[in-house]
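Hi,

Here is the structure I promised to pass on to you. Please have a look at it first, and then read on for what turned up.

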Amino acid sequence: MELRNYLIAIKAIIKKDAKIFFRYPANAVFRIVEPILWITPVYFLSKAFQINGENIGFSQYSGTTDYMAFLVIGSIVSSFVSAVMWGMGFSLKNEMDVGVIESNWLTPIPLWVQLIGRSIFSLIMTTVNALTVAFLVWLMFGFNIAGGILMAIVTLLPMLIALYGLGFGIASLVLITNNANNIIDITNFCLSMMSGESFPITVLPRVLIPISLALPITYGYDAIRGILLNTKTLLPIPVEQGILVLFMIIGIFVGYRILKWVEKYCRTKGNIAFH
Amino acid sequence: MTSYAIEVKNLRKEFEIKKRNGFFKRNKKKEVFIAVDDISFQVKKGEIFGFLGPNGAGKTTTIKMISTLLRPTSGTAIINGINCVERPMEVLKILGTVLTGERSIYWKLTGRENLEYFAAMNGITGRKAQVKIDYLLTRFNLDKRADETVEKYSTGMKQRVALAKALIADPEILILDEPTSGLDPQSTLNLRELILEIKEEGRTILLTTHYMEEADQLSDRIAIIDHGKIIAMDTPCNLKKGLNKTNIIVLELKDWNSSTEERIKGIPMVENITSRFDDIAQRWEVKIHMVNGNDSINDLITNIISTNNKIINFRVEEPTLEDVFISLTGKSLRE
Ligand SMILES: Nc1ncnc2c1ncn2[C@@H]1O[C@H](COP(=O)(O)OP(=O)(O)OP(=O)(O)O)[C@@H](O)[C@H]1O
Ligand SMILES: [Mg+2]
């Protein structure tokens, strides 16, 4: 009975978020244009380093000469990562700013269910965006992938779930204790630097590599490229997948604990209406 | 089963206030501000219970503790026998709450979409939801503009959507925080009418207000709250009866200052004096409580005339809840 109510609520949240999203059309357009603007100069830069159409130096590190495909995959995965960091944290913040957060907390639907609802719409939008970008890039520049898209998605999923768990917890914590933007920005930047969003991590200075290897997201980028582009992976792909599943379990658990803590903190401080 | 809809016992809420000294130094000692100070009251099933108090009295804080948004520092709030802290989700199923502020609904959704959303959040969907929503939209006179986004609505309409939202799940108990604040006089009257109708349906209503006419007109019983404490609790009629030894004299004057006030305070039988400047009429309205008789009226008038003041008007009023508040606290509700 309770589960039925939760599902109804999740569906209603997705519907509501979708309606609001499309009532700001500029939103939707900008989301698609932005990553292309970002990718284009990097592409021409890599072209400049090519010898006979092949990026030899790059292939020694990565095992593929197709830097463009490498880059597109990196930027798609990273668009999910930042969607989580920004989108999720700001979903609470946004409800505070708009003033509806208390109305939602007054419904008999627990906060974690509400947040799942909100993350699903953002996940759908990110996916649609990512696919659009990939398609446009393919039209403009062309790239080959080795296949195994389904496998790549199955690999990406636990990582995303983990990130959603963690992202929710951490981002809402940051928001509620004030001062979100810088912290999320820096975290986001470091994550993409350290986990090899746009280059193989083996090019990093030696001292940074252990940090990079300690970040589960690193294995996400690595495994997906291994599957799609046949690049050399750091560890065997099944091991990397195992790491991601473990990361998912921990991410959900930790995220849930932080969320509970944040909720209690808010109900004690009474600060959700004051923003 | 208890016969009380709401039972509040020794409810208390403290807020920590962090004070900063300069840029980096944080004061180690945290100050505690008591917003609600050990209050107890019961609301009977089917009655309208009014919380009357000035700004910052602790009305909203109390309501938020009852509706589970805030955790009490100590004490309990029990709704239909269910503890608000221990079983919040069950409490939320029998409560409908409207907080202040017209922003409690989605401005980017239409009135109808808002109701659909909140219906679904309460497990109501499909045909059942549609029937309910149509009924509420018509009843609250929103049906003609139900498919426009809320941002285009007037404040009164937004408030009615918020009220419809609170009623969507047929709650036994309705909680309203300053339901008419910010509304024009006509919308205010309409909304008060609606509140009385909702009571007629057998629902229990707890409302807060700082308008004494509103508390008087709507409530079966009233708790007067100031500085987090309940300072009186009874029916409006009994509260006013408590003042039957007090004569309330209102003077409209050209001038008013503290030295005149001091002189008048010295007159026997004068208990409380409150004053306010009427911007539109450009004159002072001074209200004087005289207890146990009118014998000092002569003194009063002589005193005022001797200061070269001009008495524009003089009248004797029936006690209102405002006067109850003045006689309890020495200040007016509006201050
Ligand atoms: N989250 C909070 N943190 C710190 N102080 C708070 C908080 N919420 C309320 N207060 C303080 O508690 C006191 C009571 O506030 P409350 O909102 O309950 O008053 P109220 O009776 O509803 O007044 P109003 O008529 O202004 O709505 C106020 O002095 C307010 O500043
Ligand atoms: Mg208030």
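This is a predicted model: local features need pLDDT of at least 70, side-chain atom pairs count only at pLDDT 80 or more; totals for chains, interfaces and linings use all residues.

On the chain A side, at least two residues each come from helix 1 (2–22), helix 4 (67–98), helix 5 (101–105) and helix 11 (237–269). Helix 1 of chain A gives the largest share of that side, with 10 residues. Sorted by class, the side of chain A that touches chain B holds 14 nonpolar, eight polar and 10 charged residues.

Charged pairs feature here too: five salt bridges are found across the interface of chain A and chain B. One of the salt bridges in the model joins the side chains of B:K64 and A:E102, at 3.0 Å from N to O.

As for the extent of the contact, 32 residues of chain A and 33 residues of chain B take part. The size of an interface is often given as the accessible area lost when the parts come together. For chain A and chain B, about 3,000 Å² is buried between them, and 60% of it lies on carbon and sulfur atoms. Within chain A, the residues that lose the most area to chain B are A:L106, A:P108 and A:R267, which together account for 22% of what that side buries.

Now to the ligand. Ligand 1 is surrounded by residues from chains A and B, so its site is shared between chains. There are 15 residues around ligand 1, and those that come nearest are A:K269, B:G56, B:K59, B:T60 and B:T61.

Three of these residues are worth a look for their polar atoms:

- A:K269 has a polar backbone atom 2.9 Å from a nitrogen atom of ligand 1.
- B:K59 places a polar backbone atom 2.8 Å from an oxygen atom of ligand 1.
- B:T60 has a polar side-chain atom 2.5 Å from an oxygen atom of ligand 1.

On its own, ligand 1 has 640 Å² of accessible area, and the protein covers 71% of that. Helix 1 of chain B supplies the largest share, three residues. By class, the shell is made up of six nonpolar, six polar and three charged residues.

Best wishes

How values were computed
Residues are numbered from 1 along each chain as its sequence is written. Chains are lettered from A and ligands numbered from 1 in the order in which they are written. Side-chain values use heavy atoms; hydrogens and water are left out. Contact means heavy atoms within 4.5 Å. Buried area is the accessible area (1.4 Å probe) that two parts lose on being put together, summed over both. A salt bridge is a side-chain nitrogen of Lys or Arg within 4 Å of a carboxyl oxygen of Asp or Glu. Helices (H or I, at least four residues) and strands (E, at least two) are DSSP runs, numbered from the N terminus. Ala, Val, Leu, Ile, Met, Phe, Trp, Tyr, Cys and Pro count as nonpolar, Asp, Glu, Lys and Arg as charged, and the others, Gly among them, as polar. A residue is near a molecule or strand if one of its heavy atoms lies within 4 Å of it. A polar contact is a pair of N or O atoms within 3.5 Å; within protein, one must be able to donate a hydrogen and the other to accept it, and residues adjacent in sequence count only if both atoms are side-chain atoms. Accessible areas come from the Shrake-Rupley method with a 1.4 Å probe; for residues, only the protein chains shown count as cover.
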